[in-house]
Amino acid sequence: MEGDVMDKVEAKATVCDFDPISGSIPATKVEITVSCRNLLDRDTFSKSDPLVVLYTQGAESKQWREFGRTEVIDNTLNPDFVRKYILDYFFEEKQNLRFDVYDIDSKSPDLAKHPTDFNDFLGQVHCTLGEIVGSPASRLEKPLGGIPGKKCGTIVLSAEELGNCRDYATMQFCANKLDKKDFFGKSDPFMVFYRSNEDGTFTICHKTEVIKNTLNPVWQHFSIPVRALCNGDYDRTIKVEVYDWDRDGSHDFIGEFTTSYKELCRGQSQLNVYEVVNAKKKIKKKRYINSGTVSLLSFNVESEHTFLDYIKAGTQIHFTVAIDFTASNGNPSQSTSLHYMNPYQMNAYAMALKAVGEIIQDYDSDKMFPALGFGAKLPPDGRVSHEFPLNGNIENPYCNGMEGILEAYHQSLKTVQLYGPTNFSPVVNHVARYAAAVQDGSQYFVLLIITDGVISDMAQTKEAIVNAAKLPMSIIIVGVGQAEFDAMVELDGDDIRISSRGKLAERDIVQFVPFRDYMDRTGNHVLSMARLAKDVLAEIPDQLISYMKSRGIKPNPIPPAYSTGDHLQTNPV
């Protein structure tokens with residue numbers, strides 16, 4: 001009995017607080033390969049000896065820091081560097097990169113000690129990691145600049161997502177003749193899986209469901225990343241503990257066994273029937289054999305497609321913005337208005353738009369974005385519209401890049417009259433119509449709604465979102481001003497999945513954030529907007545993948561990379 005009590009205490013410490021959602025997943029790692037073509041020749045009696053230095057920019061300080069260098073390749077103007085850069089990739093962040101190319105004549109590792117008259121400097125290029133990843137086949141070619149009046153050649157940057165064990169294992173187990181732990185019934189068994197760490201400790205990685213009142217449970221199939229099971233080491237020990245569930249959380253320990261990913265890969269066989277052993281019982285009872293057996297019923301492994309797989313295979317992300325022009329924003333000519341055009345500082349609408357848009361635009365090849373407004377009276381007749389183009393062109397509401405959207409936004413403030421009410425459903429349905437027309441995985445749509453107020457058409461918007469959840473689209477809502485945004489939290493659906501007329505949304509596609517949470521009291525808008533973009537965009541990759549998986553869409557085969565040697569000869573030889 002005393003042993004059982006100790007078993008319960010130990011079980012409580014290890015099992016009760018397990019939350020599979022809270023475990024942090026490592027960032028995706030991306031490998032950058034660098035080549036250059038037609039570099040400047042700085043050496044008199046031979047060709048240049050190039051090296052490329054990568055600098056990354058800190059989000060807070062905006063300081064450039066050296067991240068790493070390629071090797072030096074002697075005597076070439078067309079180097080293909082072997083040494084790679086491996087970067088953590090975050091879709092939700094703007095990761096600024098700078099590549100500087102040098103001709104190395106000195107043995108000194110300090111580039112600042114080289115002659116400063118451009119003798120060693122061959123050019124530089126600025127880009128974002130998203131720009132490289134978002135290019136066709138994740139291959140970006142850009143002209144080098146930085147030397148006035150000189151053609152510096154080009155740099156070719158290729159991104160490759162590191163495999164990092166992206167496989168998912170799906171398996172099913174059953175048990176036979178487990179120990180009976182309950183007085184008035186059989187046991188309520190469940191299993192807990194742990195992977196071993198380098199230091200001999202164990203980390204919990206999966207917990208099965210509880211099967212009530214049986215000594216011979218058959219658990220449901222479950223899927224788990226292989227890296228979570230063994231971190232890529234197929235021989236690493238996996239420990240499995242079997243418990244009898246108790247309502248108060250003091251679960252009774254039945255026994256345990258160990259296996260490995262390598263052993264599980266053998267599939268259903270006598271080799272994957274495990275004795276469940278309770279070591280304390282074994283010491284106490286001479287005749288003790290085991291506390292039952294657990295058998296592997298099925299095991300298979302599939303490679304999980306990632307966000308980058310789809311982007312690399314050509315999926316385009318289309319960005320649409322919808323801006324709230326209701327009267328509650330205040331008169332744009334007055335400094336108290338949320339739409340006030342301060343000549344020295346962007347207003348909240350413009351800042352939110354720029355923060356999110358600057359990142360998303362890297363994933364849209366033509367950089368043309370529809371920009372809509374809602375809640376205003378339009379000239380010449382003063383009719384109220386909840387779906388009007390900011391550029392005034394109904395036939396073509398597209399704006400050229402972020403600057404084009406901001407220009408159209410400022411122009412609209414001079415021509416429309418702020419009115420009301422705050423209706424979201426027209427702009428949600430507007431984007432949904434486009435998304436409904438392309439459901440093959442080649443395109444994904446993101447709608448950014450920036451609003452100041454309480455929503456007027458909640459029922460219609462909920463219905464529009466439930467319908468949109470079946471489509472390749474996501475919705476970001478940024479709330480500006482000091483209003484209560486309780487309705488927006490409901491639309492977000494993180495805690496309770498949104499529903500309409502008794503129908504649940506198929507996926508969670510809405511992310512809401514209040515702009516005021518990101519206002520930096522020190523006035524550091526650059527940092528606060530980076531945090532805003534990070535939080536509102538963090539869910540987009542998973543939302544895109546959830547759509548693709550729900551429709552069984554796999555990434556298209558990647559088109560062959562363009563080679564600089566493949567260009568057509570235009571001059572006769």
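**A walk through the strands, helices and a loop**

Let us begin with an open sheet of four strands, ordered S11-S10-S13-S14 and paired in the antiparallel sense. Strand S11 (202–207) and strand S14 (252–260) stand at its edges with a single partner strand each, so one side of each has no neighbour in the sheet. From one strand to the next, the twist averages 30°. Strand S10 (residues 189–196) pairs with S11 in the antiparallel sense over five bridges, and Tyr194 has Ile204 in S11 as its bridge partner. Strands here are DSSP runs (E) of at least two residues and helices are runs (H or I) of at least four, numbered from the N terminus; two strands pair if DSSP finds at least two bridges between them.

A word on the source: this is a predicted model, in which local features need pLDDT of at least 70 and side-chain atom pairs count only at pLDDT 80 or more, while totals for chains, interfaces and linings use all residues. Residues are numbered from 1 along each chain as its sequence is written, and side-chain values use heavy atoms, leaving out hydrogens and water.

Next, look at strand S5 (residues 96–103), where eight of eight residues are buried (under 20% relative accessible area, with exposed over 50% and partly exposed in between, using a 1.4 Å probe and protein chains only). In a regular strand the side chains alternate between the two faces of the sheet. Both faces of S5 are covered, with Asn96, Arg98, Asp100 and Tyr102 on one side and Leu97, Phe99, Val101 and Asp103 on the other. Strand S2 (residues 50–57) runs antiparallel to S5, joined to it by seven bridges, and Pro50 has Asp103 as its bridge partner. S5 also pairs with strand S6 (residues 121–128) in the antiparallel sense over seven bridges, where Leu97 stands opposite Cys127.

Finally, find Ser442 in the loop between helix H9 (425–437) and strand S24 (443–451). Ser442 counts as partly exposed because its relative accessibility is 23%. The side chain of Ser442 makes a polar contact with that of Asp440 at 2.7 Å; such a contact is a pair of N or O atoms within 3.5 Å, where within protein one must be able to donate a hydrogen and the other to accept it, and residues adjacent in sequence count only if both atoms are side-chain atoms. Leaving aside residues up to four places away in sequence, Ser442 touches Gly314, Thr315 and Gln316 (heavy atoms within 4.5 Å).

Definitions and conventions: Axes are lines fitted to C-alpha atoms, for helices over the stretch in contact, and angles run from 0 to 180 degrees between N-to-C directions.
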